[in-house]
Amino acid sequence: MAPTTLLLAAPRGFCAGVDRAVLIVEKALEAYGAPVYVRHEIVHNKHVVESLRRKGAIFVEDETEVPEGEVVVFSAHGSPPEAFANSQQLSHSLIDATCPLVTKVHHEARRYARDGKDIVLIGHEGHQEVVGTMGQAPPRSINLVETPDDVDALELGEDAEVAYITQTTLSMDETASVVDRLRQRFPLLHNPKKDDICYATQNRQDAVKVLAERCDLILVVGSQTSSNSKRLVEVSKDRSVPAYLVDEASEIDPAWLEGVETVGLTSGASAPEVLVEEVIDWFKSRGTTEVDTVLVVDEDVEFAMPSNLARRLQEGAPRPAS
């Protein structure tokens, strides 16, 4: 038997940073023609990446793979300074699609480093955003932690001037215990003027918390490479509500739905709405009759295009010969 009710989280899906990043690649293809190279996946969603690849984007993991003089877009997750230097040496036409909220964290890291503080970055090792942020300060002045135990292992004196920053796609719940331990160890701890957690990340997590009060199970549409999507699953499970991350409707296991009457549905900040619509159709085709939206907060954030791309579009100039 299909669940009788499907509750849709609002907000869900694309945030302003992701929407901007995807649009940047599309507009770069329009302004320069194919191919346009993209350093790392523009956002962590395989459907978005494949769609852009079909339009002429070529994804590479390192800017040095891009031929000299070509157009390259740096992903929304942010890149270390050496990547920009390499691109400049190769005379690339560089378009920076770094999310402005990630750029804010980069500014904080550089400022703390200039002030001589020991920086603690709360984040997940190997995540592209963390790689980019770690590169903003000298290696000996920035330390990566993920858990309170990692804080205990830091080789810093209690009188050290420590400042912390965070990966934007974490949950406030999971960073709270780490920050508490930092405050216990370092009485002189400096914190960002404004929380680094992305507004969209927090809003989507808050929406899952509301869904968890009304649902027997929650589905999150998003890719396994998406940190913010995986956090949504964790938020639900932390409230003892089963949750699963699926890239698309075909990944739903009907066995998950045995005895379930109400399903909550949301999507990560890098998942396109068309995938959510396919999941809705999946449930409707199996007999789910009630589909309602649970509005937690309205979002009206927009980010501007990079100035060099905006000028190129306005000029409408032809692509220079390679």
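## Salt bridges within and between helices

Arg231 is buried, at 6% relative accessibility. In this predicted model, Arg231 forms a salt bridge with Glu234, and the closest N and O atoms are 2.9 Å apart. Both residues lie in helix H9 (residues 227–238), three residues apart, which is about one turn of the helix. Glu234 is partly exposed, with a relative accessible area of 33%. The count of salt bridges in the model comes to twelve.

Another salt bridge joins the side chains of Asp152 and Arg181, at 2.6 Å from N to O. Asp152 belongs to helix H6 (residues 148–152) and Arg181 to helix H7, so this pair ties together parts that are 29 residues apart in sequence. Asp152 counts as partly exposed at 40% relative accessibility, and Arg181 is also partly exposed, with a relative accessible area of 24%.

## Further charged pairs

Side chains of opposite charge can pair when their charged atoms come close. The side chains of Lys117 and Asp115 meet in a salt bridge at 4.0 Å, N to O. Lys117 is buried, with a relative accessible area of 11%, whereas Asp115 is partly exposed at 45% relative accessibility. A network of salt bridges links Lys104, Glu108 and Asp196.

## The parallel sheet S7-S6-S8

Three strands make up an open sheet in the order S7-S6-S8, and their pairing is parallel. At the edges stand strand S7 (142–145) and strand S8 (162–166); each has a single partner strand, so one side of each is left without a neighbour in the sheet. On average, neighbouring strands of this sheet are turned by 25° against each other, direction ignored. Strand S6 (residues 118–122) is joined to S7 by four bridges, and the two run parallel. Ile119 has Ile142 in S7 as its bridge partner.

Helix H4 (residues 100–114) touches S6 and S8, and its direction makes about 165° with that of S8. Helix H7 (residues 172–185) touches S6, S7 and S8, and its direction makes about 160° with that of S6. Helix H7 is also the helix that holds Arg181, the partner of Asp152 described above.

## Nonpolar cores

The largest nonpolar core has 28 residues, of which Val25, Ile42, Val43, Leu52, Val73 and Ile95 touch the most other members. At least two residues of this core come from each of helix H1 (16–32), strand S2 (36–39), helix H2 (46–55), strand S3 (57–60) and strand S4 (71–74). H1 gives the most, with nine residues. Another core, of 19 residues, lies apart from this one, and among its members are Leu6, Val260, Ala271 and Val279.

Leaving aside neighbours within four places in sequence, Ile95 is in contact with Ile24, Ala28, Tyr32, Val71, Val72, Val73, Phe74, Pro306, Asn308 and Leu309.

His92 is found in the loop between helix H3 (81–89) and strand S5 (93–96). His92 is buried, with a relative accessible area of 10%. The side chain of His92 reaches two backbone oxygens, that of Val66 at 3.1 Å and that of Pro67 at 3.3 Å. Apart from neighbours within four places in sequence, His92 is in contact with Glu63, Val66, Pro67, Glu68, Gly69, Glu70, Val72 and Ser87.

Ser91 is found in the loop between H3 and S5 as well. Although Ser91 is not a glycine, its phi is positive, at about 55°. Ser91 counts as partly exposed, at 45% relative accessibility.

## Backbone features in other loops

His40 likewise has a positive phi, of about 65°, without being a glycine. Its place is in the loop between S2 and H2, and His40 is buried, with a relative accessible area of 10%.

One joins Ala10 and Pro11, with omega at about 10°; Pro11 is found in the loop between strand S1 (5–10) and H1. The other runs from Ala34 to Pro35, with omega near 0°, and Pro35 has its place in the loop between H1 and S2.

Terms used
Residues are numbered from 1 along each chain as its sequence is written. This is a predicted model: local features need pLDDT of at least 70, side-chain atom pairs count only at pLDDT 80 or more; totals for chains, interfaces and linings use all residues. Side-chain values use heavy atoms; hydrogens and water are left out. Buried means under 20% relative accessible area, exposed over 50%, partly exposed in between (1.4 Å probe, protein chains only). A polar contact is a pair of N or O atoms within 3.5 Å; within protein, one must be able to donate a hydrogen and the other to accept it, and residues adjacent in sequence count only if both atoms are side-chain atoms. Contact means heavy atoms within 4.5 Å. A nonpolar core is a set of buried Ala, Val, Leu, Ile, Met, Phe, Trp, Tyr and Cys residues joined through side-chain atoms within 4.5 Å. Two strands pair if DSSP finds at least two bridges between them. Axes are lines fitted to C-alpha atoms, for helices over the stretch in contact, and angles run from 0 to 180 degrees between N-to-C directions.
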